[in-house]
Every structure is written in structure tokens, then in C-alpha cells.
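The following exercises concern one protein structure. Please inspect the sequence and the model before reading the solutions.

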Amino acid sequence: MNDLNDRTAVITGAGSGIGRALAAACAARGMQLVLADLQQAALEETARLAGQPDSLLCITDVSDAQAVQRLAQRTFDKTGDTALLFNNAGVLGSGTCWKLAPEDWHWILGVNLMGVAHGIREFVPRMIGQGRPARVVNTASGAGLISAPGGAAYCASKHAVVALSECLYHDLALQALPIGVSVVCPSYVNTGITASEQYRPAALATGAPLKGPGEERLNRTFRRAPLTADQVADIILRGIDDDHFYILPHPEVAGRAQSRLERIGAGGPPAAMA
């Protein structure tokens, strides 16, 4: 997957953060862009910053299976190709486990988990059919390998994305198909994800925005994150070049995941994300 020039990168959650940074990094490698997000203005700004204002822009709610189907159809109608599929869209919400409403679970799992599942369902058969090497890159989180207080729905969604990515890898390998898989598990990155609540659909509103233990400390931690979205995007593309399945931009995540495994072997208690 080192020769990506003139091939297509599809990026969900492309209107900000890591998605926007991935767009710029892929454009720098000569790739065509298909950008998906909820906000037209944000997509236009991403395309402009990436130097490809004529990119295919698709307003897409990834939790909606039909919307992702339209995204895939428009992509292949225009380009006939997807070399890199970045299932990157995500939202963040926190709250004590027993205080989460059904609407909270529906919203977070709908975007973070089902958005990835819909992307796989719609794109992978087409990627197989194009007869060229390609790769699915799913954005999970360090919270997909360890857990955190107040993170029940978010951590559950991201653990599920890691497991889904692993199963996708096995399913493709079993049939010797030329589709690679990576799962990205970053720690804190100042991407604006803490403002996710503003994008929650009205039908899933509860009247009380999610707030978990240590909410203010969490927000400060995101703002002071040591890696930028641009740096994370560069690490992701290098991981793809090196055929890495697990891409961990923050080295400390591996150490905490190892601690979790040791605690599992010893019977617990669980390790927590710092």
C-alpha cells in the first residue's frame, strides 16, 4: 500500500480533528478524497485546507445504514476505487454507568460502533470487487484497550470497534483477500471531540447533556494533549505503510494495555486510563 498516488481515500468524520488531518496527509500523497461528515461548511474547509476543493463531499450520518450506502455508491460511481477507507467518525459522552439513558447508548453506539459496521458492510464488498489492494482503517481509541471511570458507553463502543476490526482481519485473511486492516487506538488528542453533544440528534436528546466524573479534568487533558491531529495522521499513514494492524500513536497506551492483561491474569481489579 505504499503507492497511493491517484487512488481514493474515503474519510468519515472528515470535518475536523483527525479526519481533517488525514485528508491533508492523504492529499499530500496524491490521493483523491471523498470526505464525509455532518456539516457541509466543515467539509468544504477540509477540502480547501487539503488543496482539493473539488473533492467529493458527502453529508453523512454514519449511524444511518442507508446514508453510508449512499456514500459508498457515490464514491464508486465517481472514482470506481477505494484504496483507504477511514471509518473515523466518532462522538464522546461520559456518565456514570447507571445514569446513562437508553438514548445515550443509542447515540454513542450508533456513531462509534455501527458507523464502523456500516462502513465495512457497504465498502468492503466493493473493495474486494475492484481487484486491487486496499485497506480498512478503523478509529477506535486507547479507551478501546483499557477503561475509564465515567466512560461506560464510550469505552464499550471503542472496545467493540477493536474486536470488530480483529474479526474483519480474520475474515479477510481466511479467504486470502488483498484487503488490509488497521485499528487506531490514540490517547488524548485535541480534536474538538469533547463538543460532540452539539451534534446529537434531537430524537436522542435527553435534556441533560452527559457529564461524568472528572469532566473538567478530562476537558483540560484533551486541550493539553501532547500530540496534534496532524501528528497522529502522519503516524497512522506510517503504520499503514508498515502494515501494522494495531496503530498506537501514544506509546503509553501499549503499557497500560499490558498492565490490563497482567491484571486479567491475576484476577483484577481493572486498570484505568490515566
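**Exercises with solutions**

Helix α5 (residues 114-129) lies across β1 (8-12), β4 (84-87), β5 and β6, and runs at about 170° to β4. Here helices (H or I, at least four residues) and strands (E, at least two) are DSSP runs, numbered from the N terminus; axes are lines fitted to C-alpha atoms, for helices over the stretch in contact (heavy atoms within 4.5 Å), and angles run from 0 to 180 degrees between N-to-C directions. The model is predicted: local features need pLDDT of at least 70, side-chain atom pairs count only at pLDDT 80 or more, and totals for chains, interfaces and linings use all residues. Residues are numbered from 1 along each chain as its sequence is written, and side-chain values use heavy atoms, with hydrogens and water left out.

**Exercise 1.** State the order of the strands in the open sheet and identify its edge strands.

*Solution.* Step 1: the seven strands follow the order β3-β2-β1-β4-β5-β6-β7, with parallel pairing; two strands pair if DSSP finds at least two bridges between them. Step 2: β3 (56-59) and β7 (246-247) each pair on one side only, and are therefore the edge strands.

**Exercise 2.** Describe how β5 pairs with β6, and β1 with β2.

*Solution.* Step 1: β5 (residues 134-139) and β6 (residues 179-184) are parallel and share six bridges, with Val137 opposite Ser182 in β6. Step 2: β1 and β2 also run parallel, joined by five bridges, and Ala9 stands opposite Leu33 in β2.

**Exercise 3.** Which residues of α8 are buried, and what covers them?

*Solution.* Step 1: helix α8 comprises residues 229-241. Step 2: its buried residues are Ala229, Val232, Ala233, Ile236, Leu237, Gly239 and Ile240. Step 4: their cover includes α1 (17-28), β4, β5, β6 and β7.

**Exercise 4.** How many disulfides are there, and why is Cys167 in none?

*Solution.* Step 1: a disulfide is a pair of cysteine sulfur atoms within 2.5 Å, and the count comes to zero. Step 2: the closest cysteine sulfur to that of Cys167 is in Cys185, 14 Å away, too far for a bond. Step 3: for Cys185, the nearest cysteine sulfur is that of Cys155, 12 Å away.

Conventions. The expected span of a helix is 1.5 Å times one less than its number of residues. Buried means under 20% relative accessible area, exposed over 50%, partly exposed in between (1.4 Å probe, protein chains only).
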